[in-house]
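This briefing is meant to be read beside the sequence and the 3D view. Keep both open while going through the points.

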Amino acid sequence: MLILALVVHSRRSSGANSSSLRKSRFISGHAHPGSPYFGLAGVDHDLDFPEPMPVVGISRSARGYCINLVLETMKTYSSEDGLTEEALVTKLRICRYHHLFLHTSLRHNSTGTCRWGEFGEGGLLWGECVSRHYEWFEGNPVTELLSKVKELHGLADEITFRNVTVSSENRPRPLTLGTATQIGAIPTEGIPCLLKMLLPPNCTGLPGLYVRDILLNPPAYEIASTIQATCKLMSNVTCSIPEFTCVSSAKLVKLLELREANHIEFCRIKNVVDEILHMNRNSELGEILELLMDPTWVATGLKIDFETLVSECEWTSVKISGMISLDGENDSKIWSSSIVPSEFFEDMESAWKGRVKRIHIEEEFREAEVAAEALSLAATEDFLPIISRIKATTAPLGGPKGETLYAREHEAVWFKGKRFMPSVWAGTPGEEQIRHLKPAIDSKGGKVAEEWFTTAKVP
């Protein structure tokens with residue numbers, strides 16, 4: 001639910017359509033903790049990514065301490081004010097951030113001095129920050145922090161960030177630092193981890209982080225009651241509940257934004273939306289699905305009505321089904337040739353054929369077929385006469401050898417032979433092709449080995 005709400009919002013915000021699902025170029029970039037994604041569309045396997053870390057800004061007002069978190073990956077920011085010093089330090093202890101900015105409002109205390117921490121006020125926060133790398137900033141705590149984030153990530157000024165702040169009214173106060181450490185809600189030396197005691201051993205990653213956040217930052221009483229009611233319904237259902245795959249929403253949104261999502265990610269999205277649609281069609285599970293809407297809103301900052309979620313899931317499922325091959329569907333075959341080893345075409349084509357339906361990339365399919373046909377023809381004309389000549393030669397052990405092989409390390413099809421050069425050039429069949437052979441060269445321009453050859457026509 002949390003993931004789908006964000007993906008649905010990303011789809012609607014970007015105005016995605018069938019034409020925008022195609023990409024005309026390979027996108028590559030610099031990966032860093034704030035944006036660990038680059039060049040993934042052609043990857044043939046799933047890759048793990050760390051959760052992108054926010055940029056954190058801390059300030060102070062008459063209401064207390066305030067923490068602002070900006071997530072460049074999702075183009076979102078949230079603010080929480082009225083915090084005590086202990087509550088703020090607790091949040092810093094559990095937050096893995098990209099950059100830390102301290103507002104100049106922290107320098108001033110009730111004595112009117114600018115020597116932060118000297119008179120005890122702010123001393124706990126100062127002790128937490130002094131050992132970390134931080135930068136000072138001034139001006140409006142939110143707008144200036146957003147400017148800093150755009151500068152860090154090289155974003156244009158017109159890029160907008162969505163406010164996902166959820167009101168803290170009618171909400172219990174966050175756990176104090178002392179309580180959080182004493183009960184093991186945050187890692188503390190010598191104290192057992194509370195989450196490991198509460199959750200099954202195989203419950204890790206996003207579910208564990210969500211439960212930890214609820215413990216440290218209890219939701220409003222209405223939301224807490226909804227979560228309790230949902231758990232009661234789930235414990236009493238008579239049918240099976242879909243086992244949703246927990247995927248980082250930030251990962252999916254970023255890959256979709258860069259058009260770098262591969263077939264694995266699209267299959268994963270379709271599985272989740274289909275499971276939501278399955279829950280909606282089931283009377284028992286449908287009630288659970290509706291109850292999950294408000295907790296999802298609190299966790300994501302996105303307010304989506306139930307009908308919109310269902311309709312967007314239906315749209316997403318249909319679009320993905322029409323774009324990629326599913327459940328063994330395959331509308332294309334790997335090219336084959338009598339002269340070029342089949343392993344070459346398997347390696348070159350299996351990474352993309354059978355993933356996207358041919359109707360969407362007909363031009364690319366045709367270009368690949370033309371290239372494969374040209375390679376087969378060139379190998380037939382340049383290598384086959386030499387191979388036929390060698391086979392026709394009767395010689396004892398140690399005679400001429402030669403064949404067309406696939407050099408997997410170099411991703412090339414070359415001729416490999418020994419002792420096939422004629423001792424006397426007499427114009428016999430195959431001699432002309434032997435004259436055109438040249439040493440095979442690797443990607444760095446170096447000669448591969450004595451027995452590897454290619455020609456001008458064979459790449």
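The model is a predicted one. Across the whole structure, a search finds 21 salt bridges.

**Sheet**

- Strands β1 (residues 55-61) and β2 (residues 64-71) run antiparallel and are joined by seven bridges.
- Val 56 has Leu 69 of β2 as its bridge partner.

**Salt bridges**

- Side chains of opposite charge can pair when their charged atoms come close.
- Arg 268 and Glu 265 form a salt bridge through their side chains, at 3.5 Å from N to O. Both residues sit in helix α10 (residues 263-281), and because they are three residues apart there, about one helical turn separates them. Arg 268 and Glu 265 are both buried.
- Asp 294 pairs with Lys 303 in a salt bridge of 3.4 Å, N to O. Asp 294 is partly exposed, at 33% relative accessibility, whereas Lys 303 is exposed, with a relative accessible area of 61%.
- Glu 450 and Lys 447 also meet in a salt bridge, with 3.5 Å from N to O. Here Glu 450 counts as exposed at 60% relative accessibility, and Lys 447 as partly exposed at 47%.
- One network is formed by Glu 72, Lys 75, Lys 254 and Glu 257, which are joined by salt bridges that share partners.

- Lys 75, a member of the salt-bridge network, has a positive phi, near 55°. Lys 75 lies in the loop between β2 and β3. With a relative accessible area of 14%, Lys 75 is buried, since the cut-off for buried is under 20%.
- Glu 411 is not a glycine either, and its phi is positive at about 55°. The loop that holds Glu 411 runs between β7 (401-407) and β8 (412-418). Glu 411 is exposed, with a relative accessible area of 53%, since the cut-off for exposed is over 50%.

**Helices**

- α10 packs against helix α11 (residues 283-291) at an angle of about 115°, and their axes are 5 Å apart.
- On the α10 side of this contact are Ile 276, His 278, Met 279, Asn 280 and Arg 281. They meet Ser 283, Leu 285, Gly 286, Ile 288 and Leu 289 of α11.
- Sorted by class, the contact of α10 with α11 has five nonpolar, four polar and one charged residues.
- Helix α15 (residues 362-382) has 21 residues, which should span 30 Å at 1.5 Å a residue; its end C-alpha atoms are 30 Å apart, in agreement.
- The buried residues of α15 are Phe 365, Ala 368, Glu 369, Ala 372, Leu 375, Ser 376, Ala 378, Ala 379 and Asp 382. Their cover includes α14 (342-349), α16 (384-392), β8 and α17 (431-435).

**Two loop residues**

- Ser 336 is in the loop between α13 (306-323) and α14. Ser 336 is exposed, with a relative accessible area of 59%. Ser 336 and Glu 373 are 37 residues apart in sequence, and their C-alpha atoms are 9.4 Å apart in space.
- Gly 184 is in the loop between α5 (177-182) and α6 (194-198). At 3% relative accessibility, Gly 184 is buried. From Gly 184 to Leu 195 there are 11 residues in sequence and 7.9 Å in space, C-alpha to C-alpha.
- With neighbours within four places in sequence left aside, the contacts of Gly 184 are Ile 191, Pro 192, Cys 193 and Leu 194.

Methods: Residues numbered from 1 in each chain as written. Predicted model: local features only at pLDDT ≥ 70, side-chain atom pairs only at ≥ 80, totals over all residues. Heavy atoms only, no water. Pairing = 2+ DSSP bridges. Helix = DSSP H or I, 4+ residues; strand = E, 2+ residues; numbered from the N terminus. Salt bridge = Lys/Arg side-chain N within 4 Å of Asp/Glu carboxyl O. Buried < 20%, exposed > 50% of the residue type's maximum accessible area, 1.4 Å probe, protein only. Axes fitted to C-alpha atoms, helices over the stretch in contact; angles between N-to-C directions. Contact = heavy atoms within 4.5 Å. Nonpolar A, V, L, I, M, F, W, Y, C, P; charged D, E, K, R; others polar. Expected span 1.5 Å × (residues − 1).
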